[in-house]
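Take a look at the structure below. Then read on for a short tour.

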Amino acid sequence: MGETEQRPTAGSRLGAQENTGISTLEHGQKPPMTPPGKLVSIKIQMLDDTQETFDVLQRAPGKVLHDAVCNHLNLVEGDYFGLEFPDHKKMMVWLDLLKPVMKQIRRPKHVVVKFVVKFFPPDHAQLQEELTRYLFALQVKQDLAQGRLTCNDTSTALLISHIVQSEIGDFDETIDREHLAKNKYIPQQEALEDKIMEFHRNHMGQTPAESDFQLLEIARRLEMYGIRLHPAKDREGTKINLAVANTGILVFQGHTKINAFNWAKVRKLSFKRKRFLIKLRPDVNSSFQDTLEFLMASRDFCKSFWKICVEHHAFFRLFEEPKPKPKPVIFSRGSSFRFSGRTQKQVLDYVKEGGHKKVQFERKHSKIHSIRSLTAQPAEQHSEVPKQSSSFAFGDDSDATAVQSCQQGKELKASTEDTGQRRSPSLKKSPKEGRKVDGAVVSTVEEEEEPAKDRMQQNRPQSQQPSTGSLTGSPHLSELSINSQGGPSVANMSLSPNLSPDAKQSSPLISPLLNDPSCIRTDDEEEVKRKRFPTEKAYFVAKEVATTERTYLKDLEVITLWFQSAVSKEDCMPETLKNLIFSNFEPLHKFHTGFLKEIEQRLALWEGRSNAHIKGDYQRIGDVMLKNIRSMKQLTVHLRKHDEILVELENGIKNLRKLETFCRDFELQKVCYLPLNTFLLRPLHRLMHYKQIMERFCKHYPPNHVDFRDSRAALAEISEMVAQLHGNMIKMENFQKLHELKKDLIGIDNLVIPGREFIRLGSLSKLSGKGLQQRMFFLFNDILLYTSRGLTASNQFKVHGHLPLYGMTIEESEEEWGVPHCLTLRGQHQSIIVAASTHAEMDKWTEDIQMAIDLAEKSSGPAPELLASSPPDNKSPDETPVDQESEDDLSASRTSLERQSPHRGNTTVHVCWHRNTSVSMIDFSIAVENQLSGNLLRKFKNSNGWQKLWVVFTNFCMFFYKSHQDNHPLASLPLLGYSLTIPSESENIHKDYVFKLHFKSHVYYFRAESEYTFERWMEVIRSATSSASRTRALSHKEPHAY
């Protein structure tokens, strides 16, 4: 390159060897033809503000220049970046990789092409290379300086503090002030210098690579991250801005997002002259028109934005580069533009295969040299336990970034309309449309009834996407959570935390993995199976023992296998705590492994499937239960240790930051589909299940039955064990619930204190100067907290205020305020007005709050100040709206790591928030009793086909597996708010034992194998879908010791 060879290049500064660049082409793929011709010099401005000159042939396509830049930097993940330049009309456009460079850049001597980030993934953990994250961090720094990345002062200071940490290292006040004086990261930086240094002080010991990671973690939560605004007008002539992101098309008014159209909702994108057209898929719940129209400044502006949308859709949604359309014989119709290059999935696959060398590079402003790839990337920790997303996939979601990261969607068939009669581009269906995220799969509704051969095409293996984000959603919440615990949506799938009812996620129940044609059952197969197995009720009760025991054993393995394996690889837990946990759980696992084997052997004899030559009466189970329950008594010494295990683990998490981080990360794994401390209580809960099953046997058998005596003896034995451990169970359930809620809250550091009991949580509307605003309320026996859901990746609820219950009064005030189901809560220093969604909800809250007030009055006096960092009681009625609180959460008190880390977005708290309902501690206790596992057939939407699934019902949620041998669920369906009915004649289900789950427009049909199992599923699901009143719930619990 002539002169540039005589001076240091960006490659040499970054430590790259000469001519060791890595091509972004797939293996075996040939580079574009470069016809011989004259060389032309192109000036490229890098992200570190240096300029380099590259010589390319005049007729070379844009891809040659793009690859030359990536090779020069030794950049493996160059597909996230693009080349941007001003065209002849001074409009910034992207370099087309397929067109010759000189046809796009007419006067290269007078044009500086910028190398910048083009595609912003939803989760920076998907960026596998440290160099890539460094360049992304430079882009964030550049966007801050140019005013493109807007945020509040606190977020700005936090971002700059990480930039400073990466450039000069640990905090030193003198050096910091000198550095900030010389380097201006934003205009009017002087006003924020003290806050920047205050944050910088907290980053001691953080390496440049870690600073980049933290910078991107904060930046990706901001609404304007990666956003480029394109001015437009709507049909009414209102000035707006359009933008495109990994999730779809966004609409802004100023810098505030007012709408979003998820790719799953978009059927077709096109433009006609200056009009940009979005054709949506039909949705009975949507108020949007079928086709939306936006007016842009010119046809060139419109076409430019349309091309960007095509490229974003292809990069984030397709599995591979779309094939070029065949050239028409006579004349062309519409644009021939298509996305060129690797999709995000192909990039991730290539990097994971490790087909490149890791080299060192030098940061321009940093004193510290860095290894190319982090030694322990967050997305790669505990590789033996695949990471999953942290929360829900809700019904409508415009920002489900963790889900939308690298999915196969619908191929965007690009064409433009220049006449009214031409067809606009459509979202063409791809044969590999199913998309998999963190072990869970989502597909679009049209796929559901495809023929089996098409499903087999869809069901190809897909690479797992690392994700720490959270799945977001809408008030529908009718779709399945992708792997309940995690993510960080985290669905995950997960999971951008912004919640918006602007885009719809289709149900994972119709995904290719769950729609494996081998799992579809025909009526003939079902009839043969029914004739082969016993039909008496006792057999199905015994079978319930086996199915629930399988699930219980898998739950024990979460501790004894997965958790223990992860602990052994990390030096984060004291030896005494390790011994306490595993020495008490391993004997339980060993015993129940043998117990399950005996039960399955007895069932095999009962069914006649094995050892048919053996004579004897094996159509009973009481003797097996009696023998094992008596043996189980020897394990009581271990069961009594469970309260100590739970307390010591929580103390360790509180005192050891490394252990806290480890446990939080483990909870985001697929196998940990429930909160970790829930698994610690499973052995105590299982005793209650044995008691219930033996009660059913005794109720079913007549006194003269051969199995009655053993069953009654087994019931007496297990009842004695339950009575002995009853006190521990009640105490530990409350302790566990308080710690679980603590993870969902920001702004309270001492939620778990002696004597505090949880009573109810749920969504209520709080009346303020700005009208009714949704708030999440938490009722305890001494205090009432109210919170809002912060729009941060943590998915936590920020405490706005609290009311001590001592001296509080409650009264209905519908007439006074003109708001239905309205209550006034009058405290000694503050009063608030709240409204429930229904009269039934209002009654539940009234009953529980009055009970809590009575308990507080009987106590010694008013509760002390309990909130560590909550706002004052005398808050202004027109409190900050939720959308303004989101960035403040970034600066919330960071006494706990969970406040700045990915968090489960699919807890019961989040379900109640989105379904606008509530649950009480009594509901949780009833849910513990009503757990069930087994096979169910799920009906396809528009056909007679039924799909066999292994289903686990627990914690108000159905978890779906392909078989009971799977280690983690593929999807989950929270049932709070659903209605449970039997299909009517008009629904044409002509099958026995079918029940229907319905929430708004979402309907599922499930079919049990017998009358007994049908009644059991109805019983346990009803416990989750209809919350009992306190009086009826207490009477329900009276017959049990637990």
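The model is predicted. Start with helix H14, which runs through residues 537–569. How far apart should its ends be? At 1.5 Å a residue, its 33 residues should span 48 Å. The end C-alpha atoms of H14 are 47 Å apart, so the two values agree.

Most of H14 is covered, with 25 of its 33 residues buried.

## Cysteines without partners

A disulfide is a covalent bond between the sulfur atoms of two cysteines. How many disulfides does the model have? The count is zero, with a cut-off of 2.5 Å between sulfur atoms.

Take Cys309. It is in no disulfide, and its nearest cysteine sulfur, that of Cys302, is 9.5 Å away. Is Cys309 buried or exposed? Cys309 has a relative accessible area of 0%, so it is buried.

Cys572 is in no disulfide either. Its nearest cysteine sulfur belongs to Cys663 and is 6.8 Å away. With a relative accessible area of 8%, which is under the 20% limit, Cys572 counts as buried.

The largest nonpolar core has 102 residues. Which of them have the most contacts inside the core? They are Ile44, Phe115, Phe276 and Ile278. Helix H9 (residues 299–317) gives the largest share of this core, nine residues.

Leaving out neighbours within four places in sequence, Ile278 is in contact with several residues, among them Ile249, Phe261, Val266 and Leu269. Its contacts also include Lys268, Asp290 and Thr291.

There is a second, separate core of 79 residues. Leu577, Ile621, Phe662 and Phe959 are included in this second core.

## An exposed isoleucine

Where is Ile982? It sits in the loop between strand E31 (979–981) and strand E32 (994–999). Is Ile982 buried or exposed? Its relative accessibility is 53%, and exposed means over 50%, so Ile982 counts as exposed.

Ile982 still has contacts. Not counting residues up to four places away in sequence, Ile982 touches Val994, Phe1014 and Met1018. Tyr993 is eleven residues from Ile982 in sequence. In space, the C-alpha atoms of Ile982 and Tyr993 are 8.8 Å apart.

Notes. Residues numbered from 1 in each chain as written. Predicted model: local features only at pLDDT ≥ 70, side-chain atom pairs only at ≥ 80, totals over all residues. Heavy atoms only, no water. Helix = DSSP H or I, 4+ residues; strand = E, 2+ residues; numbered from the N terminus. Expected span 1.5 Å × (residues − 1). Buried < 20%, exposed > 50% of the residue type's maximum accessible area, 1.4 Å probe, protein only. Core = buried A, V, L, I, M, F, W, Y, C linked by side-chain atoms within 4.5 Å. Contact = heavy atoms within 4.5 Å.
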